[in-house]
Amino acid sequence: MRIRRLPTAVVALAAATSLVACGGQREPSGTGSADGGRLTIATGNTTGVYYQLGGALASLISQKVSGYRATASETGASVQNVQGLVAGNYDIAFSLGDTAADAVKGENSFNTPQDVVALTKLYNNYTQVAVRTSAGINTIADLKGKRVSTGSPNSGTEVIARRLLEAAGLDPAKDVTAQRLGLPESVDAMKSGSIDALVWSGGLPTGGITDLTTSLGKNVKLIPIVDLLPKMQEKYGPVYSQAPIPAATYKQPADVATIVVPNVLLVRKNMKDDLAEQLTKVIYENKDALVAVNAAAKGIDLANADKTDPVQVHPGAKKAIDGLR
């Protein structure tokens with residue numbers, strides 16, 4: 001598995017693309033107390049919000065949590081992040097709420113319940129389905145027979161993309177030519193015309209989608225997908241809801257109604273209470289620094305911090321949340 005590290009010198013540079021390559025298994029460091037050590041954060045694709053906010057969080061931890069140095073790793077996102085967290089490759093992991101729910105239940109991508117808990121609920125991820133205007137695609141059902149990027153392998157985007165296709169009555173393995181691409185590769189493929197559509201689950205704005213809509217202009221559009229929400233909720237529960245992608249986000253002609261799912265920040269159950277408490281405090285006491293890196297962080301709300309069901313909140317994180325309220 002390729003792992004790349006973000007620099008952690010200052011928050012303003014936390015999302016920079018200058019990286020140091022490293023890899024391999026390591027002993028988990030995040031189980032200890034506040035005595036110090038290394039913490040590694042699993043994020044997502046380089047042009048996604050996880051990557052940007054993960055770098056900013058790593059910088060904050062390195063500055064604010066005595067004795068700790070944190071680094072952020074580029075990954076394929078949610079499913080891979082949870083798997084790596086449990087394996088000890090990471091200490092903290094960003095994840096979509098539906099993937100995290102699958103993990104603690106031992107369902108879908110996970111054969112057994114995973115020993116992970118949440119530090120906090122984060123902002124919402126918006127399902128963003130971008131299509132080439134010339135492809136004649138106006139609904140998910142119209143993706144039949146089309147070339148579609150369904151996201152990185154073992155990502156939360158891939159999970160949602162497959163569920164959307166199934167809700168529209170399509171077989172993801174047969175009815176579309178699925179390309180399992182990360183967001184940067186998906187954007188490049190849309191620009192070159194080698195795919196007709198991409199599915200992305202991310203915060204607003206996502207840099208890769210901004211790049212795509214800016215570069216292609218009227219040759220690309222976002223399509224509404226809320227007609228599939230009842231089927232998604234019927235099968236997977238209230239983890240899915242709806243919200244608009246404001247027109248101004250990507251300079252679209254109108255708001256686009258879409259399906260949203262919350263993000264959570266996960267750790268292993270055996271992280272010591274005092275460390276979990278400090279990490280959670282860092283997020284809420286320095287929220288403005290996260291917002292400065294990406295506006296999606298505005299959605300991080302202390303009032304909703306412990307609303308992570310069915311994922312339990314770490315006791316140390318719960319202590320921090322209650323103390324900050």
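**Close-up 1. Arg163 over the ring of Tyr236 in the predicted model.** Arg163 sits over the face of Tyr236, at 3.8 Å from the ring centre. Tyr236 is partly exposed, and its relative accessible area is 22%.

**Close-up 2. The aromatic pair of Tyr50 and Phe94.** By the distance rule for ring centres, the count in this model comes to 2 aromatic pairs. Tyr50 and Phe94 form one that is tilted, with 5.1 Å centre to centre and 35° between the planes. Tyr50 belongs to helix 1 (residues 49-64) and Phe94 to strand 5 (residues 92-96), so the pair ties together parts that are 44 residues apart in sequence. Tyr50 and Phe94 are both buried.

**Close-up 3. The aromatic pair of Tyr236 and Tyr240.** The ring centres of Tyr236 and Tyr240 are 6.2 Å apart and the planes stand at 80°, so this pair is edge-to-face. Tyr240 is buried, with a relative accessible area of 1%, whereas Tyr236 is partly exposed at 22%. Tyr236 also carries Arg163 over its ring face.

**Close-up 4. Packing of helix 8 against helix 10.** Helix 8 (residues 273-285) and helix 10 (residues 315-324) pack with their axes 7 Å apart and at an angle of about 40°. That angle makes helix 8 oblique to helix 10. The crossing of helix 8 past helix 10 is right-handed. On the helix 8 side, the contact is made by Asp273, Ala276, Glu277, Thr280, Lys281, Tyr284 and Glu285. Helix 10 contributes Pro315, Gly316, Ala317, Lys319, Ala320, Ile321 and Leu324.

How values were computed
Residues are numbered from 1 along each chain as its sequence is written. This is a predicted model: local features need pLDDT of at least 70, side-chain atom pairs count only at pLDDT 80 or more; totals for chains, interfaces and linings use all residues. Side-chain values use heavy atoms; hydrogens and water are left out. Rings of Phe, Tyr and Trp (its six-membered ring) pair if their centres lie within 6.5 Å; planes under 30 degrees apart count as stacked, over 60 as edge-to-face and the rest as tilted. Helices (H or I, at least four residues) and strands (E, at least two) are DSSP runs, numbered from the N terminus. Buried means under 20% relative accessible area, exposed over 50%, partly exposed in between (1.4 Å probe, protein chains only). A charge sits over a ring if NZ of Lys or CZ of Arg is within 6 Å of the ring centre and within 35 degrees of the ring normal. Axes are lines fitted to C-alpha atoms, for helices over the stretch in contact, and angles run from 0 to 180 degrees between N-to-C directions. Angles under 35 degrees count as roughly parallel, over 145 as roughly antiparallel, 65 to 115 as roughly perpendicular and the rest as oblique. A crossing is left-handed if the near helix is turned anticlockwise from the far one by less than a right angle, and right-handed if clockwise. Contact means heavy atoms within 4.5 Å.
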